[in-house]
Amino acid sequence: MTAAAAIVIRREKDAVAAYRSAGATTPGRAHRPEGLGVTNAMAIRRLTSRAVLRPGTEPGTLYLDEPSWTALRSMRRRMAVVLVIVGCAFALASWYAGTHLVQP
């Protein structure tokens with residue numbers, strides 16, 4: 001993972017933590033991001049596009065959809081595991097090909 005990706009994910013986690021600690025987990029308890037100190041527009045945009053943060057009953061407010069957050073985290077973990085497995089398979093195939101080359 002690049003440093004930029006790690007920063008984006010960290011900001012998403014911080015935004016989720018702010019909504020969770022404020023108890024903003026239902027449409028009626030939604031908050032404005034600025035009111036919770038969540039100022040990173042990219043994190044908000046990414047989380048709303050993935051339905052982790054959803055519109056509340058008042059205009060401009062958002063709430064945390066815990067099941068969507070859980071699903072997003074699970075998907076990210078599965079992708080990481082798949083990437084590790086593919087990387088290991090590639091490394092093993094490269095090693096095997098290198099040790100079994102026919103020498104002239």
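**From the first helix to the core**

In helix α1 of this predicted model, the buried residues are Val8, Glu12, Ala15, Val16, Ala18 and Tyr19. When α1 is viewed down its axis, these buried residues fall within an arc of 160 degrees, so they line one face of the helix. The face turned away from that buried side carries the exposed residues Ala3 and Ser21. Just after α1 comes glycine 23, whose phi is positive, at about 75 degrees.

The cover over the buried residues of α1 comes from several elements, including α2 (41-49), β1 (53-55), β2 (62-64) and α3 (66-99). These elements belong to a protein with three helices and two strands, which follow one another along the sequence in the pattern α-α-β-β-α.

The other partner to consider in detail is α3, a helix of 34 residues that reaches 50 Å from its first C-alpha to its last, close to the 50 Å expected at 1.5 Å a residue. Its buried residues are Ser68, Trp69, Leu72 and Arg76, and they pack against α1, α2, β1 and β2.

Where do the nonpolar side chains come together? The largest nonpolar core has 14 residues, and within it Tyr19, Leu47, Val52, Leu64 and Trp69 touch the most other members. At least two residues of this core are supplied by each of α1, α2, β2 and α3, with α1 giving the most, four residues.

If its neighbours within four places in sequence are left aside, leucine 47 is in contact with Glu12, Ala15, Val16, Val52, Leu53, Trp69 and Leu72.

Alanine 51, in the loop between α2 and β1, has a phi near 60 degrees, a positive value in a residue other than glycine. Most residues other than glycine have a negative phi. Alanine 51 is partly exposed, with a relative accessible area of 22%. Asparagine 40 lies in the loop between α1 and α2 and is likewise partly exposed, its relative accessible area being 22%. Between asparagine 40 and leucine 72 there are 32 residues of separation in sequence, and their C-alpha atoms are 19 Å apart in space.

The overall dimensions complete the picture. For a compact globule of 104 residues the radius of gyration would be near 13 Å, but the protein has 20 Å, and its C-alpha atoms fill a box of roughly 75 × 25 × 20 Å along the principal axes. Of the 104 residues, 25% count as buried, and the accessible surface comes to about 7,100 Å², of which 65% belongs to carbon and sulfur atoms. Among the contacts with a separation of 6 or more, 52% are accounted for by residues 24 or more positions apart.

Conventions
Residues numbered from 1 in each chain as written. Predicted model: local features only at pLDDT ≥ 70, side-chain atom pairs only at ≥ 80, totals over all residues. Heavy atoms only, no water. Buried < 20%, exposed > 50% of the residue type's maximum accessible area, 1.4 Å probe, protein only. Arc of directions from axis to C-beta. Contact = heavy atoms within 4.5 Å. Core = buried A, V, L, I, M, F, W, Y, C linked by side-chain atoms within 4.5 Å. Rg over C-alpha atoms; globule rule 2.2 N^0.38 Å. Areas by Shrake-Rupley, 256 points an atom, 1.4 Å probe, with all protein chains shown as cover. Expected span 1.5 Å × (residues − 1).
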